[in-house]
Amino acid sequence: MQIEPVERSSYQILIAIWEASVRASHHFLQEDDIAALRPLILEHYFDAVSLHCAKGEDGEIVGFCGVADGNLEMLFVAPVAMGQGVGRQLVEHAIARQGVIRVDVNEQNEGALGFYRRLGFAVVGRSALDGQGRPYPLLHMALAQADRREEQR
């Protein structure tokens with residue numbers, strides 16, 4: 001598995017992975033939600049973060065993450081690659097190389113919540129609405145080590 005920065009020319013591949021991943025893991029989202037998010041992600045959100053992708057041995061992108069200001073803003077893995085360590089490698093890269101210490105998780109996405117807990121994140125807060133003001137609560141998570149680092153300052 002190789003992790004590398006994403007080029008703008010790969011955005012169509014990323015949005016296809018995003019949509020397939022969302023359909024496989026965000027069962028609470030409605031079709032209208034996915035349709036509304038797709039252009040926002042493609043036209044705005046990708047450019048607002050530092051994107052890195054994971055490529056398999058064949059050079060195909062199998063997952064990606066986006067980071068901004070210490071926050072893991074997005075992490076999506078192609079359904080065919082889920083459960084194979086792609087997400088873990090992307091998060092570990094984001095922590096080690098991009099200074100990630102926080103992530104927000106949809107409360108209804110129990111699989112993601114467990115995944116981030118296994119990687120050392122803990123819930124530190126909750127918002128009743130998601131970033132677009134929709135009724136999909138977010139759990140705010142932070143690395144346990146990050147809390148200790150900030151306490152030492």
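The paragraphs below walk through this predicted model, from confidence to sheet, helices, loops and cysteines.

Because this is a predicted model, local features need pLDDT of at least 70 and side-chain atom pairs count only at pLDDT 80 or more, while totals for chains, interfaces and linings use all residues. Residues are numbered from 1 along each chain as its sequence is written, and side-chain values use heavy atoms, with hydrogens and water left out.

The mean pLDDT (the predictor's confidence in each residue, from 0 to 100) of the protein chain is 89, and 94% of its residues reach 70 or more. Confidence is highest in strand E2, at 97, and lowest in helix H5 (residues 144-152), at a mean of 51. Here helices (H or I, at least four residues) and strands (E, at least two) are DSSP runs, numbered from the N terminus. Over residues 147-153 pLDDT stays under 50, and the model has four contacts beyond four places in sequence for that stretch; contact means heavy atoms within 4.5 Å. Where pLDDT is low, the predicted coordinates should not be read in detail.

Now for the sheet. Seven strands form an open sheet with mixed pairing, in the order E1-E2-E3-E4-E5-E7-E6. Strand E1 (2-5) and strand E6 (121-127) are the edge strands, each pairing on one side only; two strands pair if DSSP finds at least two bridges between them. From one strand to the next, the twist averages 30 degrees. Strands E5 (residues 102-106) and E7 (residues 138-143) pair in the antiparallel sense over five bridges, and arginine 102 stands opposite alanine 142 in E7.

Two helices pack on this sheet. Helix H1 (residues 11-25) touches strand E2 (50-55), E3 and E4, and its direction makes about 95 degrees with that of E3. Helix H3 (residues 86-98) touches E1, E2, E3, E4, E6 and E7, at about 30 degrees to the direction of E3. For these angles, axes are lines fitted to C-alpha atoms, for helices over the stretch in contact, and angles run from 0 to 180 degrees between N-to-C directions.

What does helix H2 pack against? The buried residues of H2 pack against H1. In H2, these are Asp33, Ile34, Leu37, Ile41 and Leu42, where buried means under 20% relative accessible area, exposed over 50%, and partly exposed in between (1.4 Å probe, protein chains only).

Two loop residues are worth a visit. Aspartate 69 lies between strand E3 (61-68) and strand E4 (71-77). Most residues other than glycine have a negative phi, yet aspartate 69 has a positive phi of about 50 degrees. Aspartate 69 is exposed, with a relative accessible area of 73%. Glutamine 108, in the loop between E5 and helix H4 (110-118), is partly exposed at 32% relative accessibility. Beyond its neighbours within four places in sequence, glutamine 108 is in contact with Phe28, Pro135, Tyr136 and Pro137.

Finally, the cysteines. How many disulfides are there? The count comes to zero, taking a disulfide as a pair of cysteine sulfur atoms within 2.5 Å. The sulfur of cysteine 53 is 9.1 Å from the closest cysteine sulfur, in cysteine 65, and therefore too far for a bond. Cysteine 53 is buried, with a relative accessible area of 2%, and cysteine 65 is buried at 1%.
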